[in-house]
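Hello,

Here is the structure you are taking over. My notes on it follow below.

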Protein chains: 2
Amino acid sequence: MLLSFLRLGMGLCTAARQRGVACAAFACLSSRSGILKQEDESLMLIHKWKGAGSALTFAAGILALPLLAQCEQEESATYSQEDVAEHDSPEKEVWVSYEGGVYNVTDFLEMHPGGAQRLMMAAGGAIDPFWAMYAQHKTAEVRELLEGYRIGNLVGGAQQTYGDPYANEPKRHGALIVRSQQPFNAETPVEFLSQAKLTPNDLFYVRNHLPVPKVDSESWKVSVKGEGMRQVELSLEDLESKFKKHTVTCTLQCTGNRRDMFNGVKSVQGLEWSAGAIGTAEFAGARLSDVLAYAGLTEDSLGEVEHIQFEGLDSDISGTCYGASIPVMKALSRQDDVILAYEMNGQEIPPDHGYPVRVVAPGITGARSVKWLARIIAHREESGSHWQQKDYKSFSPNVDWDNVDWGSAPAVQETNVQSAICVPQQGQTVDASDEEIEVQGYAYSGGGQGIIRVDVTADDGETWITADLSPVHDRRNRQQFKAQPQMQSYRFCL
Amino acid sequence: MLLSFLRLGMGLCTAARQRGVACAAFACLSSRSGILKQEDESLMLIHKWKGAGSALTFAAGILALPLLAQCEQEESATYSQEDVAEHDSPEKEVWVSYEGGVYNVTDFLEMHPGGAQRLMMAAGGAIDPFWAMYAQHKTAEVRELLEGYRIGNLVGGAQQTYGDPYANEPKRHGALIVRSQQPFNAETPVEFLSQAKLTPNDLFYVRNHLPVPKVDSESWKVSVKGEGMRQVELSLEDLESKFKKHTVTCTLQCTGNRRDMFNGVKSVQGLEWSAGAIGTAEFAGARLSDVLAYAGLTEDSLGEVEHIQFEGLDSDISGTCYGASIPVMKALSRQDDVILAYEMNGQEIPPDHGYPVRVVAPGITGARSVKWLARIIAHREESGSHWQQKDYKSFSPNVDWDNVDWGSAPAVQETNVQSAICVPQQGQTVDASDEEIEVQGYAYSGGGQGIIRVDVTADDGETWITADLSPVHDRRNRQQFKAQPQMQSYRFCL
């Protein structure tokens, strides 16, 4: 039914555009609750009909049916690359080409989940290389919706074949559960998470936003700068020799971990993570606070600095790299153990996890622990990156894609408490004749908070059993902490 | 029905005691959920029947009825003070006197909410002075239950009249809503909390555990000591002159705030606070970290120290004073603004609020901000005080008074998020014909966390409105913070 609606919708949209009425032609899965995620800039949108001051209803759509004939005529029109290039602004209309088609996406600009600015990068040109980068666009549904904006064909057809930005991806372990191939996103099978304290590198969840950059560790450098600081460039050898190696065992978690549970209530947008987008590893590297001090930034010399921004080597064809920031006091606090890691579980950082150096910011959502680190900037403002400003934010249930004000909510930093049952798994049947069923799970909290207790119920909250928690180093009362609060596994028997 | 049960229970208990079967004879209101509170060491217990290895049932009780006749004979026996004094241990039985009666409380020791140790303070002697101190014992129900343990009369009757430890309590504002007179506990009318940013001293909630000590500020001193430190004594003048004055506006909250809402679900023990056991004030005083440094304790010289213990001048007749502790890293962190306050909203600390000096530990539950400060001890262990070890702790719903293991849970420190509606008040009727109803409330979180947003629903969660939050200084991104996250008031219209 949805697709039928969409096909009718596309026809209506094309027709309606003639009337200068803005509307949406892309399907999306909107979320009434919690986090609006654009993590893959999916173009899957179900939008409420929006009119320029008036409601566009089904009735109005049906009345517009006669316009469909006019639409068919338009779609056989042909345009040259130069024609497309002339339409590179909202004033002149925004046209793009894809393969052999030409599309007028002016009305869609503000509704693009990745933001109008990102879509404007392709204005007057081909979106092919961008779709090659953000391969989540390459679905039948998204293609069908794009076709709703088609106005004609490109003279000469598709202009060039674009190189595959994902041609050099590293090999991955077959046990990882893939949620998206390009960019690569895969989670750990949950049954591993309640068994081992440390997650092996090969099985650690992978969350990439872009292709994995190929980095030569010998020539790699990270630059550090900020107002009132001296600008420095540090090689891997510098990090290893100039700064005391600090080891921290901590848990990283994707903000979208367990999103599939939302879908059981109401469809939401974003990668459909189960409970495996979380892992614990022993990271080692140079303390960020030591590196910042080396460049002249300490608690006593902050000036106007309020944030430490990070930029990675992973970027798209426009040169936009992944970026994020954390509050400066987090970065400088020795208790918070933020490091520039060059080791993961005793080995060099694997390619998928940020080789050769990544940020590890314990207790903060994974998105801020930038991989393939390239630049550190001490700044008055947060990172201006799309992923800091228009992603990884939480809103009221009354907010949806059509009324979201990204600036009204802060970027997610420290995460709250999390707990998931790993064994038995969702949907699994257990033998009721067994006298005991062992249930396993994990619990974790961000912000440096340890887990005190896990209670479990098998009768909708009538009675509760306290699970056995695996011991973990409680750093809150230890000044010589060696580890941040980690994901703790728990067991209990029913 | 309850009292009938209790009377029968008392008879049964007396009878059962002849059989050497331990049982409870005090009524209590047990809580299935959340915090077990003994804050007033109430002797109101409803205990499940406990037998030494066997269940004591109603049927067994009825069978024991013939023993009641034997009980009546015992209650006319007379004992001297010396007789009572000989029974001062479980091996010899534990006897106490109260007014003109003598009671064998051996079987009750382990069930005493204040702990066996505290009851043992009166072993072999009179409990009169303790009941004068902990006046919550002085109810008809508790007296009736005590009588269940009566074994005879005291020769000469009540030995002496004890002075009223509450003879010198300060005057209190009539608007405070009193929850207990002795010790004094009273809350702010909630409608004030959503209107003014700062709570006036006279209307600030009062939570006392003992009588208010009378302190001469000229001779008052606080002692500071710990292993590896030099022991110092500081007068009020020392605090004001030797250490930079630090001002912090913060919110203090009683751990039991809003307990009355539990009672709506299931009866719980403890002061029946509504939503007014919370307040915000501007406190000023010496930083605790500065005072500790003066005595030789810094982050670099911690040694074995893990906690900073506080002891107050408020004490009971046995000399047991109120005490609490916080983790040393909290005490030393300049970001956490822990101070020894001598000013509250620009005035000297009022008597009810800890005159002349109290601890103010922002973001931590109010119980740790010790009033009428006397001693600071840097120590490897937490405070051994009853209020740290066997109070202010949170347990699983499967824990009750008969199976609580106090050592299994940590002392409450940083509190989680809190939010309450102040206007309209619980049970108030509003005029449905009004076009708009303005709703007011407050929101607060411990642990240095600011409030991001408040959503309100008037239709059981079908739809949500985001409330207007009063602005507050967000310290998380400001290095030159002047205030801790405070209780924020919010408004929204329905």
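Y392(B) sits in the loop between α13 (386–389) and β22 (393–394) of chain B; helices (H or I, at least four residues) and strands (E, at least two) are DSSP runs, numbered from the N terminus. Y392(B) is not a glycine, yet has a positive phi of about 50°.

Before the rest, the conventions. This is a predicted model, in which local features need pLDDT of at least 70 and side-chain atom pairs count only at pLDDT 80 or more, while totals for chains, interfaces and linings use all residues. Residues are numbered from 1 along each chain as its sequence is written, chains are lettered from A and ligands numbered from 1 in the order in which they are written, and side-chain values use heavy atoms, with hydrogens and water left out.

Chain A has cis peptide bonds to report. One runs from Y355(A) to P356(A), with omega near 5°, and P356(A) is in the loop between β19 (347–348) and β20 (358–360). Another runs from V423(A) to P424(A), with omega near -5°; P424(A) belongs to the loop between β23 (418–423) and β24 (438–444).

Next, the second largest pocket. A pocket here is an open set of points on a 1 Å grid over the protein atoms alone, where a 1.4 Å probe fits, with protein on both sides within 12 Å along at least five of seven lines; lining residues have an atom within 4 Å of a point. Its volume, the space filled by probe spheres set on the points (joined across faces, edges and corners), is about 610 Å³. The lining has 33 residues, and I421(B), C422(B), P424(B), Q425(B) and Q426(B) lie nearest the centre. β23(B) gives the largest share, 4 residues. Domain 1 (2–41 + 416–493) and domain 3 (177–408) of chain B both contribute to the lining, so the pocket lies between them; the domain bounds come from an automatic or database domain assignment.

Last, the interface. The contact (heavy atoms within 4.5 Å) takes 29 residues from chain A and 29 residues from chain B. The two chains bury about 2300 Å² between them, 45% of it on carbon and sulfur atoms; buried area is the accessible area (1.4 Å probe) that two parts lose on being put together, summed over both.

Regards
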